[in-house]
Amino acid sequence: MSDQNRLGVFKTYKLYVGGKFPRSESGRVYEVTDSKGQWLANAPQSSRKDARDAVVAARKAFGGWSGATAYNRGQVLYRVAEMLEGRKDQFVREVAASEGLSKSKAAAAVDAAIDRWVWYAGWTDKIGQISGGANPVAGPYLNLSTPEPTGVVAVLAPQESSLLGLVSVIAPVIATGNTAVVIASADAPLPALSLGEVLATSDVPGGVVNILSGATAELAAPLAAHQDVNAIDLTGADTALAKELEIAAADNLKRVLRPGPVDADGAADSADWSASPGTHRLTAFLETKTVWHPTGALGASGSSY
Amino acid sequence: MASAFEYAPAPESRSVVDIAPSYGLFIDGEFTEAADGKVFKTVSPSSEEVLSEVARAGAADVDRAVKAARKAFEKWSALPGSERAKYLFRIARIIQERSRELAVLETLDNGKPIKETRDADLPLVAAHFFYYAGWADKLDHAGYGANPRPLGVAGQVIPWNFPLLMLAWKIAPALATGNTVVLKPAETTPLSALFFADICRQAGLPKGVVNILTGYGDAGEALVTHPDVNKVAFTGSTAVGKAIARSVAGTDKKVTLELGGKGANIVFDDAPIDQAVEGIVTGIFFNQGQVCCAGSRLLVQESVQDEVLDALKRRLSTLRLGDPLDKNTDIGAINSAEQLARITALVETGEAEGAERWSAPCELPSSGYWFAPTLFTNVTQAHTVARDEIFGPVLSVLSFRTPDEAVAKANNSQYGLSAGIWTEKGSRILAVAGKLRAGVVWANTFNKFDPTSPFGGYKESGYGREGGRHGLEAYLDV
């Protein structure tokens, strides 16, 4: 059989919210094109209501996900890497089209994205050991500091790196037990929407990651102002938007991760996503809880050894 | 309660402290007048006696102090950590030597009992400088990578409830990491920071490394919004914290905020009641309740509620309120007339909303600002006294039946700074502590602090941690 005679089957790209694949409640879509302006697909153009629904889903998932053992979360993250590996070809095509990369460069980006999931999978049960600990207080107390997830995190994914950048901002948020509402790259949302399909088949509980496509500023504004969002990652915002969102976020003192250094055209997205990420994205969305307890005394038995 | 034996007065002598009639701002190692010559008076809250007149900083003074700090930063940050450490060790030692003087001064200016300044504030102040002194030459080992760098000039604004301790929390880690500071103490408690300036002089600290600007909120605002400040550290109200968070948006200033609280103190039916009652008293009446992490919401299991309340009222009736310089005094003065008015208004709201008020029977002195230890029963979660931070000696009592209900009620707050748990059952402590959304959880104890131990809140109690290894992060480029 020759491919020439066969009409391809297009995919209807949908959002990923609460473990399901809804269209935008607004019924809107927008045209997604490749780097040369060729039509690729119609992506859902999410509304403010979609963003609020995603927060509800993320909040609902928070108790279970943050309460899961670190070992369990690590295995779930690793499972994402397994699923991604199996669908590598699809992502190479989507990333190449979205970012205008050669096939080999797109393949390298997808490989790096898979490796990044694996790297973060290994962090789930170690971050508590490197960022917590016992404090030697001057008194008869046991005193332990433990990192805990801060809650629901709104994530503005990088605008340019459609998969590697995306994975680099989602994985650290959920590795530590937070849940996420992610706004995909506005111009290159297709790898993100496909990642939703990977997450859905990866034992990640529904609602832990919610992915929206659409206009970043339109979706970010209600998330930055939302009283039930605990933190916001502004990576995908330009300088002006980031400032506006940081001001809105102050209303309930959301934890804010500011965008990195800006490039010449003001896009805060010049990060080198292939570089070693370090731990700052893990710790940015953690709280430290310190628990004190008296230790008591056993009397004069200390000389027995 | 009538007692067979009355306490004899046991006043601490105030002759150990020599308060000058006026003080200037401390900028670039010198005491200086405010640019516009403005001054204000600081009074003793227990007697309304004017203690001194101090310079009132304005925007021009802030600018001058930031410039001095910027200039000093170059050399200070370039010093080997081991040398910075020695300066901090010197400061810690001088604080220990002068601790009696500073304790009396703090009691005079703040109104808190000498028992607390002597036994809690001052030992902790010295301990903080000692602790962070040791970090100055070990920053490579702090877990923030090799060779972490200081940020630059730190603008620090502190409250009046623990004037010298808050200064220590701010200045010790800032200097250890190689930053220079401009610190503004609260307008009602400026004196101990000015005495600290003298300690810096005695320690031979290079000029401009520490600058102290006494003044009001306008000076604080000018400081945190100054474009040449790299790091903002604030302890105070949530409302001001939010304003600061807005003001730094779009800048690269690093910020830590230690804000309000409405701590839940949870007493289970198997708790040792006498110890729990002591813990409740410490939790809310320490420092007249003017503590951000105070246990101001008592959640007591229904089956022991009457027993706990009876014991608590009995205990509160034995607290001695009065002259803060008397070594037998448990409850001192409220810090200012304004704060007393705020507490009074919130308590009146509590009564108007139908909560039942009980105040310990005690005679209030005729001058100064005083409020008797007070508790509210018949409180629901919707009541203002259960939701709003009162920042005074006022306890709201709520009850619960199950651990789940206790956790739900404890977490039902915009704040998330502190919480307490009282139970003999270890597994219950760990289960409840794990579910509480609070930065500090005290189990079978309350209001314990230590320089090695990170302190800070969840939710609207602010962000960042002070104290311990975690406290270094706020002052490093990481």
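Cys362(B) is partly exposed, with a relative accessible area of 27%; partly exposed covers what lies between buried, under 20%, and exposed, over 50%, using a 1.4 Å probe and protein chains only. This is a predicted model, where local features need pLDDT of at least 70, side-chain atom pairs count only at pLDDT 80 or more, and totals for chains, interfaces and linings use all residues. Residues are numbered from 1 along each chain as its sequence is written, chains are lettered from A and ligands numbered from 1 in the order written, and side-chain values use heavy atoms, without hydrogens and water.

Staying with cysteines: Cys293(B) is buried, at 1% relative accessible area. Taking a disulfide as two cysteine sulfur atoms within 2.5 Å, the count over all chains is 0. For Cys293(B), the nearest cysteine sulfur belongs to Cys292(B), 4.8 Å away.

Now strand S7 of chain B, residues 180-184. Strands here are DSSP runs of E, at least two residues, and helices are runs of H or I, at least four, both numbered from the N terminus. S7(B) is largely enclosed by the rest of the structure, because 5 of its 5 residues are buried. One side carries Thr180(B), Val182(B) and Lys184(B), the other Val181(B) and Leu183(B).

What does S7(B) pair with in the parallel sense over 5 bridges? That is S6(B), residues 153-157; pairing requires at least two DSSP bridges. Ala154(B) has Val181(B) as its bridge partner. S8(B), residues 210-212, also runs parallel to S7(B), joined by 3 bridges, and there Asn211(B) stands opposite Val182(B).
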